[in-house]
Amino acid sequence: MLTALYVMIGLALLLGIVLGYSALKFKVEGDPLIARIDAILPQTQCGQCGYPGCKPYATAIAKGEADINQCPPGGDAGVHALADLLGVEYKPLNAEHGEPKPKSVAVIDENVCIGCTLCIQACPVDAILGAAKHMHTVIASECTGCELCVAPCPVDCISMEPIAESPANWKWRYPVFEIKPERPVQKKSAA
Amino acid sequence: MNAIVNISRLLKDRLAKTGLSRFKGGVHPPQHKLESTTSPIRSVPVPKYLVLPLRQHVGNVSKLQVATGDHVLKGQLLAKADGQVSAAVHAPTSGVIASIGNQLIPHPSGLPDISITLESDGKDQWIERQALDYLAMSKPELLDHLREAGVVGLGGATFPSHIKLREDTRHPVRTLIINGAECEPYITCDDMLMRERADEIVRGIEIMRYLLDAEVCAIGIEDNKPEAIRAMREAVAKSEIAINVIAVPTIYPGGGAKQLIKVITGKEVPSGRLPTEIGVQCFNVATAYSVHRVVNHGEPVISRVVTVTGNVAHAGNYEAPLGISISELVQLAGGQAEDGDLIMGGPMMGFNLPAVDVPVVKATNCIIVPSAEMFPDPEPALPCIRCTRCADACPVNLQPQELYWFSKSQNLEKAREYDIFDCIECGCCTYVCPSNIPLVQYYRYAKSEIIAQDRAKEAADIARERNEFRLMRIEREKQERAQKHAQKAAGAKAETGADNAVEAAKKAAIAAAVERAKAQKAEVVAKNTEAVSPRVEAEIAKIEARRAQQPEPLRQPEQAQLFAESQEAEVTSASSQVESLQPLSKDKQPTEEAK
Ligand code: SF4
Ligand code: SF4
Ligand code: SF4
Ligand code: SF4
């Protein structure tokens with residue numbers, strides 16, 4: 001009887017130590033829910049959701065302060081993903097925050113640019129390169145298309161250009177049945 | 001159903017005799033190979049204009065090496081490989097670069113891509129060609145040569161060959177398999193190449209074997225090509241290395257790399273892995289041939305054999321210069337090409353060309369000009385009845401009906417989970433489906449959608465990182481600024497410290513003066529205090545006591561302290577004075593401080 005008691009107490013102590021140790025050792029930094037929401041957001045950092053970036057919006061959703069349908073760059077798919085993650089009802093994008101647009105990149109007209117560095121200060125991902133009084137340019141591969149650099153430019157030399165479809169980024173279309181296909185369907189390029 | 005069971009049993013018996021394995025599934029579509037094998041490979045006159053896309057291979061777009069107006073010779077480098085996974089582009093004839101810009105390319109999208117247009121000067125003049133003594137070269141050097149010569153897999157995948165020919169110490173290649181199976185209906189370019197140029201192919205295989213140091217070397221040819229098998233057997237008999245020519249059973253898709261490897265070696269390449277991981281590497285016969293042309297003749301890849309068949313007067317194989325317009329080639333074969341009509345590749349895995357005025361590229365193995373009789377209109381698609389015939393036919397052991405369901409409902413994560421990326425788009429499932437569902441189209445859609453999503457995710461991750469870095473940088477700059485302020489404040493304090501020192505030095509001087517005065521005073525104090533009468537002694541004590549009450553003795557500890565301070569201050573003042581050479585302002589401050 002007593003041995004059993006000792007064994008149980010011993011076990012309890014041991015497991016307690018193990019648990020206590022692992023709680024310290026494997027401590028999760030930050031809120032995992034925020035990170036998971038942030039992982040769904042498109043990271044355009046445009047602020048259209050009403051927060052100064054994707055992470056603050058994710059934090060607001062996690063706290064229950066913001067709705068899931070405020071991110072236009074994430075589109076409908078983004079809202080669906082958020083609804084799935086949080087186990088809430090899907091709702092269409094809130095038009096107040098803007099409409100989804102085709103993905104674009106900023107282009108600086110290098111002949112007009114006066115080198116004021118205002119756009120550099122606006123860009124949330126450091127995608128603009130340049131120095132004071134020198135011509136600036138956008139690193140297209142890093143630009144998220146957030147449009148934040150467009151408004152600050154005093155000479156209006158920044159324009160947003162949609163990314164054109166090319167053989168490199170082209171996607172097969174969703175198959176649509178034709179009423180009377182002309183050829184065996186498996187050879188169709190895109191219906 | 002019974003017939004199918006019988007056939008598969010028969011097949012198993014035969015395989016048991018030959019010692020080959022077989023892969024699961026597969027179908028037997030009508031071959032249609034005879035039409036294009038009646039005449040030898042025909043050469044094609046060089047046309048006036050050639051269009052050479054810079055993206056003819058898997059990997060990075062080649063880097064342009066010429067400008068509009070340049071005169072180039074046949075075989076001259078036009079664009080070089082950019083990085084390792086890339087291949088070079090060469091001039092298929094001599095002439096002038098007419099333009100460089102977007103041109104339509106043979107792609108299911110029908111979109112244009114950057115291409116070089118070469119205007120032939122009609123002379124077809126070669127650059128200086130030099131055969132390589134490859135046994136005397138180091139392997140990396142030889143691989144670089146192949147990269148410079150634009151050698152890619154000519155079976156249709158167009159993966160740069162020099163990468164597959166690199167020796168990998170982690171996964172040494174023990175078995176080299178040369179793919180001459182050519183399982184897809186209508187296509188006969190490899191068949192004709194083996195029949196006519198068997199010796200050259202074997203030379204190429206010897207070079208590949210040397211590069212990979214493979215122990216075993218085998219050529220797999222489907223048994224519906226007896227002439228090719230015979231020609232290859234004769235050629236390997238003359239070779240110094242042992243190469244097996246293996247007749248594999250004709251069953252579609254027996255020419256798929258993983259399927260052929262399974263048949264010949266009996267080994268299964270695991271899902272999502274490369275054949276090298278089980279010690280096997282696989283190349284197309286046409287690739288072996290181009291390796292031979294590069295190494296033994298110094299000729300880069302500037303032409304390829306293309307099967308033109310179907311509704312044409314002279315169906316057959318044509319050795320076409322890369323860049324010739326496909327409609328021109330079809331006309332040469334006595335056919336008519338209409339936009340959206342032609343099929344590039346075979347009927348099972350190929351695609352409809354949205355435009356016909358596109359160039360022949362390294363991937364163009366076959367052009368089919370269809371007619372209404374050859375490809376009658378399919379029955380309209382019906383709902384899936386879950387008969388699982390597609391699963392029986394799938395050579396990769398997938399569940400096509402499930403993949404169809406997930407792709408159709410755009411449940412992409414599920415499709416990925418069900419290994420949609422193992423699908424080789426062979427079309428067996430579509431071929432057997434009794435409901436006529438265009439299954440492969442759904443898989444292509446789902447795959448490209450998943451790839452696009454993955455890319456977007458990658459871009460988002462980079463953007464998040466850059467944004468976080470920016471926020472961190474801003475924070476750091478703020479801190480640095482704060483620190484600078486703090487430093488400035490500290491600097492000011494250090495200055496006052498220095499002033500204190502000056503002050504202290506002054507005080508010390510005063511203290512020293514006081515000390516001196518005291519000493520003088522001490523001298524003045526009467527020395528004859530010994531041996532005096534008690535009355536006088538009492539007098540002295542009284543006077544001393546009175547003196548002790550005077551302020552001077554009180555000041556003494558203060559003086560000692562001041563002195564110590566002055567000692568310290570000398571050190572600090574020396575250094576701080578160097579730092580801030582402003583003795584004038586300093587002089588003012590201490591007075592304030594002192595107050
Ligand atoms: S709207 Fe979307 S992309 Fe823009 S900052 Fe908000 S969460 Fe990020
Ligand atoms: S360059 Fe302009 S549009 Fe692009 S990420 Fe920066 S601020 Fe946004
Ligand atoms: S063969 Fe066609 S009908 Fe049968 S299970 Fe597969 S997709 Fe469905
Ligand atoms: S197309 Fe894909 S799913 Fe269909 S049989 Fe071929 S490998 Fe299997």
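A crossing of two helices is left-handed if the near helix is turned anticlockwise from the far one by less than a right angle, and right-handed if clockwise. The views below show a predicted model, in which local features need pLDDT of at least 70, side-chain atom pairs count only at pLDDT 80 or more, and totals for chains, interfaces and linings use all residues. Residues are numbered from 1 along each chain as its sequence is written, chains are lettered from A and ligands numbered from 1 in the order in which they are written, and side-chain values use heavy atoms, without hydrogens and water.

**View 1. Helices H2 and H5 of chain B form a left-handed crossing.** Helices are DSSP runs (H or I, at least four residues) and strands likewise (E, at least two), numbered from the N terminus. H2(B), residues 139-148, packs against H5(B), residues 198-212, at an angle of about 135°, with the axes 10 Å apart. Axes are lines fitted to C-alpha atoms, for helices over the stretch in contact, and angles run from 0 to 180 degrees between N-to-C directions. Contact (heavy atoms within 4.5 Å) involves B:Lys139, B:Leu142, B:Leu143 and B:Leu146 of H2(B) and B:Ile207, B:Tyr210 and B:Leu211 of H5(B).

**View 2. Four strands of chain B form an open antiparallel sheet in the order S2-S8-S7-S4.** Two strands pair if DSSP finds at least two bridges between them. Strands S2 (49-53) and S4 (71-72) of chain B each have a single partner strand, so one side of each lacks a neighbour in the sheet. S4(B) pairs with S7(B), residues 95-104, over two bridges, and B:His71 stands opposite B:Val96.

**View 3. Ligand 2 is surrounded by 13 residues.** A residue counts as near if one of its heavy atoms lies within 4 Å. The closest are A:Cys123, A:Cys143, A:Cys146, A:Glu147 and A:Cys149.
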